[in-house]
Amino acid sequence: VQLQASGGGLVQAGGSLRLSCAATGNIFSVGTMGWYRQAPGKQRELVATITGGYSTNYANSVQGRFTVSRDNAEKTVSLQMNSLKPEDTAVYYCNADLARYYWSRRVEYWGQGTLVTVSS
């Protein structure tokens, strides 16, 4: 099982980027999915999460600028980031609670991280 993230890059302040993450491999069920980020010298922090029932939760710092979405059939989660600020610069990690088999409990998985750099 892997979480494969894509979509990072360099963008000017005020610009937009869209991150995507796909869960691949033998997966029976997917629970909450989301995005976290880690800026240089800082701890990893929650950006946004979305449950299987599409309930969302956002960090105060991104509320109103970022939108998390998911496709349950495709087992993907996306993060649309608008009005980007230099302080959004970080490595972004996708995260998902996955069960590999019908008899197994969900376990947390992390993607490899994708760098987002916002220039001023």
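Modeller: This is a predicted model. I shall begin with a charged side chain: R44 lies over the face of Y93, at 3.8 Å from the ring centre.

Colleague: Over the face of which other ring does R44 lie?

Modeller: R44 also lies over the face of W110, where the distance to the ring centre is 4.6 Å.

Colleague: Now to rings with rings. How many aromatic pairs does the structure hold?

Modeller: There are 2 aromatic pairs. One of them joins Y36 and W110: the ring centres are 5.1 Å apart and the planes stand at 65°, so this pair is edge-to-face, the cut-off being over 60 degrees.

Colleague: Where do Y36 and W110 lie?

Modeller: Y36 belongs to strand β4 (residues 29–38) and W110 to strand β10 (residues 107–110), so the pair ties together parts that are 74 residues apart in sequence.

Colleague: And is Y36 buried or exposed?

Modeller: Y36 counts as buried, because its relative accessibility is 18% and the limit is under 20%. W110, with a relative accessible area of 34%, is partly exposed.

Colleague: What about Y101 and W103, how are their rings arranged?

Modeller: The rings of Y101 and W103 have centres 4.9 Å apart and planes at 5°, so they are stacked; planes under 30 degrees apart count as such.

Colleague: How accessible are Y101 and W103?

Modeller: Y101 is partly exposed, at 34% relative accessibility. W103 reaches 60% and therefore counts as exposed.

How values were computed:
Residues are numbered from 1 along each chain as its sequence is written. This is a predicted model: local features need pLDDT of at least 70, side-chain atom pairs count only at pLDDT 80 or more; totals for chains, interfaces and linings use all residues. Side-chain values use heavy atoms; hydrogens and water are left out. Rings of Phe, Tyr and Trp (its six-membered ring) pair if their centres lie within 6.5 Å; planes under 30 degrees apart count as stacked, over 60 as edge-to-face and the rest as tilted. Helices (H or I, at least four residues) and strands (E, at least two) are DSSP runs, numbered from the N terminus. Buried means under 20% relative accessible area, exposed over 50%, partly exposed in between (1.4 Å probe, protein chains only). A charge sits over a ring if NZ of Lys or CZ of Arg is within 6 Å of the ring centre and within 35 degrees of the ring normal.
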